[in-house]
Amino acid sequence: MPITPNDQKRLPRVFSGIQPSGHLHIGNYLGALKQWVKVQHDYESFFCIVDLHAITLPQDPQALCAGTREVAALYLAAGIDPQKSTVFVQSHVPAHSELAWILGCLSPLGWLYRMTQYKDKAAKQQAEASSAGLLFYPVLMAADILLYHTNAVPVGEDQRQHVELTRDLAQRFNHIYGEVFTIPEVMIPLAGARIMGLDTPNAKMSKSENSEYHAVFLLDPPDKIRKKIMRSVTDSGSEITFNDDPARAGVNNLLTIYQAFTDESKEAIENRFAGKGYGHLKKAVAEVVVEGLRPLQERYHQLINENGYIDDVLAQGAERAATIANPTLKLVQERIGFLKARGKT
Ligand code: TYM
């Protein structure tokens, strides 16, 4: 692993991010945020609100701006400690865009067309109309990760392929220009890495789905959470067991949500629900979700009303992030052969 001067004896690093492209749901919480809260004690942590990624699909400017603060407040409300972890907005550190351009010039188009998330998102639009940004998206994600000499990237299952591309790009750069980048590992939670839609148990829960009963959002009031879970799609059977039968994906998803919120073993959960009906399961899941989100919701409402607090955290975060990102970018520029601007150190 390449060591930069200020890296000596440092803790291993994690980097991760969430797009402010809509309200966060329990998939984002269980796949990403919940594990960030745990890892921040053992890693030097960088948690980013990735607004540059959000604009790969059209965003309403006011909603994007408000959503960026909302996501930052949710990070803190979930338990990210800004004294321990660096919390910042991606566009506040221009090195992200600059490195993305450089890495883009090293990325074969074939690698990008192969990304399943690109294929899914582009398929939802007319092929010609989908933006170049959508295709370029994983390159920007690679830049995010590589700027910080990141060792591990805690994300949900849907981001695994993007982290693999990041590794490939880092290796390619290191091979051509000499060692600069650390090769990151993906870090996927044991439970909750892929939460499915409540009304579409064979498709991932997603922020952009319009149906009212698709996702539980982190700021949904308790009654709404209960209503959504009670309406979730199951099947005509009666057995409550973890399983990978697509026809029983709804029950498996409810059990997975229960497991991810309670950290109980699969066996203990199956025993708890043995002989019970789906109505009972849904009520129990609704309660663990309501109670699991209660402290986060309370803290969120306090934080978002504290005048200027979130913006202060983000300003300090961006300043700290830049102290790591800028030297990495500088080293990359030197290796590539860019002429140094006169007067710049
Ligand atoms: P995004 O905003 O789509 O999702 C944020 C995080 O939530 C996880 N996630 C899920 N986990 C379980 N079940 C689901 N249904 C579910 N939906 C989303 C995602 O895996 C992710 O961890 N490209 C990233 C953001 C990003 C990033 C980065 C992540 C930009 N740069 C650098 C890590 C490192 C994204 O769009 O996440």
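**Close-up 1. The salt bridge between D263 and K34.** In this predicted model, D263 pairs with K34 in a salt bridge, their closest N and O atoms lying 3.2 Å apart. Here a salt bridge is a side-chain nitrogen of Lys or Arg within 4 Å of a carboxyl oxygen of Asp or Glu. Helices (H or I, at least four residues) and strands (E, at least two) are DSSP runs, numbered from the N terminus. D263 counts as exposed because its relative accessibility is 52%, whereas K34, at 16%, counts as buried. For these words, buried means under 20% relative accessible area, exposed over 50%, and partly exposed in between (1.4 Å probe, protein chains only).

Two notes on reading the views: residues are numbered from 1 along each chain as its sequence is written, and side-chain values use heavy atoms, with hydrogens and water left out. As this is a predicted model, local features need pLDDT of at least 70 and side-chain atom pairs count only at pLDDT 80 or more, while totals for chains, interfaces and linings use all residues.

**Close-up 2. The salt bridge between D311 and R69.** The side chains of D311 and R69 meet at 2.8 Å, N to O. This pair also links distant parts of the chain, with D311 in helix α13 (residues 309-336) and R69 in helix α3 (residues 61-78), 242 residues apart. D311 is partly exposed at 34% relative accessibility, and R69 is partly exposed at 37%.

**Close-up 3. The salt bridge between D158 and K204.** Here the N to O distance is 2.8 Å. D158 lies in the loop between β4 (152-154) and α8 (160-177) and K204 in the loop between β5 (185-187) and α9 (222-230), so the pair ties together parts that are 46 residues apart in sequence. Both D158, at 27%, and K204, at 29%, are partly exposed.

**Close-up 4. Helix α7 and its kink.** Centred on P138, α7 has a kink of about 35°; the bend at a residue is the angle between axes fitted to the seven residues ending there and the seven starting there. How far apart are the end C-alpha atoms of α7? They are 22 Å apart, which agrees with the 21 Å that its 15 residues (132-146) should span. That expected span is 1.5 Å times one less than the number of residues. Twelve of the 15 residues are buried, among them P138 and D144.
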